[in-house]
Amino acid sequence: MNLIRHFSALAALILCLTATMPGARATDITPAPLSAEIGAPCLPIPEAPAYRTNMNAADLTDLKAYLPSYPLKLRQANYGERPWLTINVDSCAAMGPEAYLLTVSDSGVTVTAADAAGAFYGLQSLAMLARDSDSLPAANITDAPRLPYRGAHMDVSRHFFGIDHIMKQLDLLAAYKINRLHWHLTDSEGWRLEIPSRPLLTELAAWRPQRLYSDWRKAGRRYCPRDSAGAYGGYYTADDVRRVVEYARLRHITVIPEIEMPGHSAEVCAAYPELACSGKPYTQGEVCIGREETFDFFKDVLDEVMRLFPSHYIHIGGDEASRRHWRQCPMCQQRIREEGLGDEAGLQSYMIRRIEAYVNSHGRDIIGWDEILDGGLAPHATVMSWRNVDGGIRAARMGHDAIMTPEEFCYLDHPQDDPSTQPKAFGSPVTLFKAYSFDPAPDSLGTDVARHIIGVQGNNWAEYIPTPEHSEYMLYPRIIALAEVGWSQPARKDETSFRRRINDEIRHIRSIGYNAFTLSPRVAFTQDVDYARRCILVSMATERHPADIRYTTDGSEPTASSPLYTGPVSIEGSATVTARIFQPDSLPGPCTRIRADYHKAIGCSVVYADSCGYYRDRKVYMAGGDSALTDGLRGGKTYTDGRWQGFCPNSLDVTIDLGSVTEVSHVMANFMQMRTPLIFLPASVDIWASTDGKHYRLLGHDEPEGSEAEADACFTELGWHGDPEPARYIRFRATQGRRQFMFTDEIVIL
Ligand code: TNX
């Protein structure tokens, strides 16, 4: 029956899609609805619009409890009064969960849904149509989510955020139809949930002498008693949790608690050292799996968690455990032998399976980070795929559900623009449009696999997020891009429309008190190569709207009368392209520049010295393989864009054959430094030239400047520039400073 209902709903929706009126105006509803016909303004919005609904008593009570947060001041229609808004909830309606129909005509507004969540989402879309206006346009909107799980994650361990901050975010997340809050409650930087039977978790392990995570790390990662002077931290009481859970429920958001195990647990071992292999505090970040006490502990914790959180899913972490201590621990080794677990990966998986069985025995299911696939997946687990999408796909192929949250697209703790312009953040940039481009369940996976991919989530890890304002800055607007990724059908996603809508959303949410990032004021460049015409094609983009891009190719600063960018600019030979944006009512944006060179080495062969190897086992770090350094393709601001080649742990040492002896006056490569993902500039570079491939002479030596070497994030060119020298072979060596990662995109020879 349910299935039939689903199919007929789908058929109805497809009909609606094809029936969209030609010439209909684009909607301003975000995430983009399945289908929308929007006409001319037709219905005035009264001061206090009256609604009538057939909702059941429980749903109506919930709606009334929510309405004070709703942008329109709705009131229930009086007896006999004609309502402005009718909300129909009909469980027999041919619609799936969370779906709704919204119609506006001159006689009123109707929201129809099969469940209260659908009605709630209809109201959210209505609020967007009504925003900043005194009348509504005629509208006929049919909408349904693409994926059932649309999540936002909040890390409250690395820095602590009070429940007011959490509830403020729930208001906005719900407006964008996000329906899960993944609450990362425990980690080595602080335990945040009161557990009555384990008081030291919140008397000690929720507090530290230093406010900032980075200071605390440097000072040796110690906790301090709650009442010590200057203690920073905090935790949630049962009452706090109940308030958040209820506040979220009224907004159709399920709060999924995460209790990390067996890794990311240094705070547990500090409060209860008997759970560490050594029996001592501050010795390890993973609990001992050999001891029964560890299981007793997590059972106590999970009992309280399941008492407080009605969520069907309990997230048990499972990521990034070091297995070093288990290898040396007699009790862990004994467990491995007795249970026939093979090795430490098997031991970790044993713990997750035992915990899963406990959670299952209470009628709940677990979610774990993708590392829970190692050593054998627990039978009913849902996998949250963070390192990339592979773990999620692997789980889905095995018939398990998966939630996609790959770092490359979904990590909101990464900078959202050129890192040198942003507050310190983790890893490589995840721009708004990078997040927007993510497809968690592409058709290419096939329906059997794709149907197990139940959702997508943005993760806001808080190592470098010390304040609520900063947390909002990282969340918005990227979480809205991910809301559209999760809600809207791929065919409804459209960068141009999203750029327009998101700029409006940012203005709006800033006006109601959220500290959203206002998007990059800088032009972003991409370079492509036209090998046949021997030129570089420079594309330019802006995240802002409305905005014109103007550019020059002679090094001068663009003015309002410089050429307007309308499509890729071709550069023959070498040029510096300078561009900036012009927006109405504001000063021109900062200039950004790139050099484009159709240089002498493009297409030439490169020999990698035996001592050096690019990082072949990681697809994303090898860019174009052996031709990456001479393919003319320059990297952007992120090392995962497929154009940067990574070297680890060895140095870069290559020889380029220009084909015949030619005059060379410039040999340069661009390098990046990003400290948090351990990417460093080389310590130095050396360049040699040869005409015969046997005898080499040194052309130059270069080193980064001190300020660059110290920078958290920077890009710099290193190489040689001088009087023309005859050369056929150029050897370029960049020596690692730290034996970590080193990335370059191209060796430019002029
Ligand atoms: C990896 S994602 C982690 C977190 C960090 C995050 C920083 C995951 C399961 N583990 O503990 O905060 O990277 O981006």
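**Entry 1: the interface of domain 2 and domain 4**

I looked up the area buried between domain 2 and domain 4 in this predicted model. I noted a value of about 910 Å², with carbon and sulfur atoms giving 60% of it.

I then checked where these domains run in the protein chain. The assignment places domain 2 at 149–261 + 292–315 + 357–511 and domain 4 at 605–749. I also recorded domain 1 at 3–143 and domain 3 at 524–597. The C-alpha centres of domain 2 and domain 4 are 38 Å apart. To the contact, domain 2 contributes 12 residues and domain 4 contributes 10 residues.

**Entry 2: charged and polar pairs across the interface**

How many salt bridges does the rule find across the interface of domain 2 and domain 4? I counted 2 salt bridges there. I also looked up the pair aspartate 712 and lysine 424, which form a salt bridge with their closest N and O atoms 3.7 Å apart. This distance qualifies because the salt-bridge limit is within 4 Å.

For polar contacts between domain 2 and domain 4, I recorded 3 residue pairs. By class, I listed 5 nonpolar, 3 polar and 4 charged residues on the side of domain 2 that touches domain 4.

**Entry 3: the ligand and its surroundings**

I turned next to the ligand. Which residues surround the ligand? I listed Arg158, His264, Asp319, Glu320, Trp369, Trp386, Tyr411, Asp413, Phe426, Trp461 and Glu463. Sorted by class, this shell holds 5 nonpolar, 1 polar and 5 charged residues.

Aspartate 319 has a side-chain N or O atom 2.8 Å from a nitrogen atom of the ligand. For glutamate 320, I noted 3.2 Å between a polar side-chain atom and a ligand nitrogen atom. Aspartate 413 places a side-chain N or O atom 2.7 Å from an oxygen atom of the ligand. Lastly, I recorded that the ligand taken alone exposes 370 Å², and that the protein buries 96% of that area.

Key:
Residues numbered from 1 in each chain as written. Predicted model: local features only at pLDDT ≥ 70, side-chain atom pairs only at ≥ 80, totals over all residues. Heavy atoms only, no water. Domains from an automatic or database assignment. Contact = heavy atoms within 4.5 Å. Buried area = accessible area lost by both parts, 1.4 Å probe. Salt bridge = Lys/Arg side-chain N within 4 Å of Asp/Glu carboxyl O. Polar contact = N/O pair within 3.5 Å; in protein donor to acceptor, adjacent residues only side chain to side chain. Nonpolar A, V, L, I, M, F, W, Y, C, P; charged D, E, K, R; others polar. Near = heavy atom within 4 Å. Areas by Shrake-Rupley, 256 points an atom, 1.4 Å probe, with all protein chains shown as cover.
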